[in-house]
Amino acid sequence: VGGLPDGIVDTDMLAANAVATAKIADDAVTDAKENLSGAAKAWIKFNGNTTGAILGSYGITSISNPDTGEYIITFSTAFANANYVATACCSGIPANARAMGLVDGAQTTTTCRVNIFSTSAGGDKEDTEENGMAFFGAQ
């Protein structure tokens, strides 16, 4: 009913020109398109009772545990400056209350150093099982 004459657009043509994730080349999505405002640029979930085992992550190269309750997280893409925001949560395993904080002066464009403290054990640093962080800022 109205429209194009027969044979102009057929199912083969539609399938060949359909937009699908599988048809987008890896390099077709530019950094500018990926750099959505407000989206986390990196995140990590890690087990701190080991040497800092990554349980899941995005934009993170590695994590190390140089001392009890201390972790250094390395980003796979550097931030534009060290003024990015980090948000964190830490588990109650073992069963003490926890607080996680950035180490003053140790936040760089490529790494973030954090400490986990027990609020019920005299404020000492300690390793905990499940911890998570997300990082927001320009890369």
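Are Phe-79 and Tyr-84 buried or exposed? Both of them are buried. Keep in mind that this is a predicted model. Its mean pLDDT is 79, and 69% of the residues reach 70 or more. Here's a quick tour of the rings, the core, the sheet and one lysine.

**Confidence**
- Among the elements of the protein, strand 2 (residues 53-58) comes out with the highest mean pLDDT, at 94.
- Helix 2 sits at the other end, with the lowest mean pLDDT, 56.

**Aromatic pairs**
- Searching the whole structure turns up six aromatic pairs.
- One of them joins Phe-46 and Tyr-71: the ring centres are 4.9 Å apart and the planes meet at 55°, so this pair counts as tilted.
- Phe-46 belongs to strand 1 (residues 42-47) and Tyr-71 to strand 4 (residues 70-75), so the pair ties together parts that are 25 residues apart in sequence.
- Phe-46 and Tyr-71 are both buried.
- Phe-79 and Tyr-84 make a stacked pair, with 4.3 Å from centre to centre and 25° between the planes.
- Those two rings also belong to a cluster: ring pairs link Phe-79 and Tyr-84 with Phe-75 and Phe-135.

**Nonpolar core**
- The largest nonpolar core holds 16 residues.
- The residues with the most contacts inside this core are Ile-44, Ile-60, Ile-73, Phe-75, Met-133 and Phe-135.
- Strand 1, strand 3 (60-67), strand 4, strand 7 (111-118) and strand 8 (130-136) each give two or more residues to the core.
- As background, nonpolar side chains tend to be buried together in soluble globular proteins.

- Four strands form an open sheet in the order 2-1-8-5, and the pairing is antiparallel.
- Strand 2 and strand 5 (85-90) are the edge strands; each has a single partner strand, so one side of each has no neighbour in the sheet.
- From one strand to the next, the twist averages 15°.
- Strand 1 and strand 2 run antiparallel and are joined by five bridges.
- Asn-47 has Ala-53 in strand 2 as its bridge partner.

**A lysine to look at**
- Lys-41 is in the loop between helix 2 (31-34) and strand 1.
- Lys-41 has a relative accessible area of 9%, which means that this lysine counts as buried, the cut-off being under 20%.
- Its side chain reaches the backbone oxygen of Ala-39 at 3.1 Å.

Key
Residues are numbered from 1 along each chain as its sequence is written. This is a predicted model: local features need pLDDT of at least 70, side-chain atom pairs count only at pLDDT 80 or more; totals for chains, interfaces and linings use all residues. Side-chain values use heavy atoms; hydrogens and water are left out. Rings of Phe, Tyr and Trp (its six-membered ring) pair if their centres lie within 6.5 Å; planes under 30 degrees apart count as stacked, over 60 as edge-to-face and the rest as tilted. Buried means under 20% relative accessible area, exposed over 50%, partly exposed in between (1.4 Å probe, protein chains only). A nonpolar core is a set of buried Ala, Val, Leu, Ile, Met, Phe, Trp, Tyr and Cys residues joined through side-chain atoms within 4.5 Å. A polar contact is a pair of N or O atoms within 3.5 Å; within protein, one must be able to donate a hydrogen and the other to accept it, and residues adjacent in sequence count only if both atoms are side-chain atoms. pLDDT is the predictor's confidence in each residue, from 0 to 100. Two strands pair if DSSP finds at least two bridges between them. Axes are lines fitted to C-alpha atoms, for helices over the stretch in contact, and angles run from 0 to 180 degrees between N-to-C directions.
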